[in-house]
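Hi there,

Here is the structure I promised to pass on. My notes on its pockets follow below.

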Amino acid sequence: MFDWKWDFAFEILPRLLGATLNTLMAAGAGYAIALVLGLVLALAQRTPVRLLTAVVREGVEFIRSTPLVLQIFFVFYVGPQFGLRLSPWTAGMIAIGLHYAAYLSEVYRGGIEAVPKGQWEACTALSLSTRDTYTRIIIPQALPPALAGMGNYLVGIFKDTPMLSVIGVAELMHTANAIGSEHYRFLEPITMVGVIFLMISLPAAALVRLFETWVRRKLGMIR
Amino acid sequence: MSYLEFLRDYGPRLIDGTLMTAAQFVCASALAILIALVAGLMKLAPNALIRIPAVVYIEIFRGTSLLVQLYWIFFVLPLFGITLEKFTAGFVAVGMNLGAYGAELVRGGIQSVPRGQWEAAYALSMSPAKRMWRIILPQALVNMLPPWGNLLIELLKGTALVSLISVADLMFEAKQINGSTFLSAQAFGTALILYYLFARALVTPFMRWLERVMARRIGRA
């Protein structure tokens, strides 16, 4: 094809695959933060404290409607202004974790709200503690409908990791750019990054669907 | 330097950036809607020769990152003899990416129209084109407007990436101001607020208004 050089492609492949590991690590770490923080944000919106609920609600909206790349810059550059120096990795993980926590909190919230009201009432009638109500009754039922959304955001966070390259996290896009400027050749590195993304995200999306069906079957929601 | 002084000195540049972001948003939205409609309809075609290109397009653009697509269009496409100016490359990448997501919304919206509507149009011996345009699409549009509201917010956020190919949008101006003044909290914070206002005070109310108007026009409200 046109000017495609296979030997160059093979020469840079190991470096790109190494960077793929970094990308996967960034996505994994960011997702772990988002899973936990998202639950905190979702539960904070269910407390009886009106002010807290309103502030968290507005904060989630704010994070969801502003660009992730700008949030990454914000976290990375604002720290040093107040004497707090963050490494690109730390800043990147905070930004991407917080961004997706806001999305996941909405997924959790939707799941919790989908649990029928009678279940809550039954818990009250049985005088279960708040903790038991959540861990034994509500969350097990809220999880299956939330799984589809959670899986989609796992793939989503993976596809958003290239934005970390703007503050110098050595993930795929950053490495491809570096190779491109070293060799003055962008065709192979950027195309290969695209192919690597496709080869991971398409099977990942399919696996998410399978997992979702499997959980629903396990919980007896479908036969 | 107080924040008011900061706004006095750099406010106009941030406003210019916002206008550029608005221009990118409008162009990318128009392209995304067009692509979504075409690809969404193609994906529903009974003929595999029409369906497969749409499926491939959607999977490629949804399976890779917007940033990768943007760099590819800006840096690699010229090697194939297609050189796009940076403004064009920016909204083309954003529009093509979000158009692929929109295609799925169009497909879902059309499939959500009850079967009886198709059958009724058939019984009235409407041509397929007329049936789609007069009966199915208007109802599908009403069904899919709420998710389109979210998609347009995603699109707005996507336009921030065009700053990386030096389109002078809001993100780009914030970065430039940060580079020359080191007032990061002010520069990036103000830009964040402007994006938020753009989304919540312009895009969302507009979509709500559109939802009401469309629902009324097909007699649902």
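First, the residue classes: Ala, Val, Leu, Ile, Met, Phe, Trp, Tyr, Cys and Pro count as nonpolar, Asp, Glu, Lys and Arg as charged, and the others, Gly among them, as polar. This is a predicted model, in which local features need pLDDT of at least 70 and side-chain atom pairs pLDDT 80 or more, while totals for chains, interfaces and linings use all residues. Residues are numbered from 1 along each chain as its sequence is written, chains are lettered from A and ligands numbered from 1 in the order in which they are written, and side-chain values use heavy atoms, leaving out hydrogens and water.

With those classes, the lining of the largest pocket has 20 nonpolar, 12 polar and 11 charged residues. (A pocket is an open set of points on a 1 Å grid over the protein atoms alone where a 1.4 Å probe fits, with protein on both sides within 12 Å along at least five of seven lines; lining residues have an atom within 4 Å of a point.) Its volume is about 1400 Å³ (the space filled by probe spheres set on the points, which are joined across faces, edges and corners). Among its 43 lining residues, N152(A), Y153(A), Y101(B), L151(B) and E154(B) are the closest to the centre. Helix 6 of chain A supplies the largest share, 8 residues (helices are DSSP runs of H or I, at least four residues, numbered from the N terminus).

The second largest pocket, at about 460 Å³, has 18 lining residues, with I33(B), L137(B), L141(B), M144(B) and M214(B) nearest its centre. Its lining divides into 17 nonpolar, no polar and 1 charged, and helix 6 of chain B gives the most, 8 residues.

Best wishes

Terms used
Helices (H or I, at least four residues) and strands (E, at least two) are DSSP runs, numbered from the N terminus.
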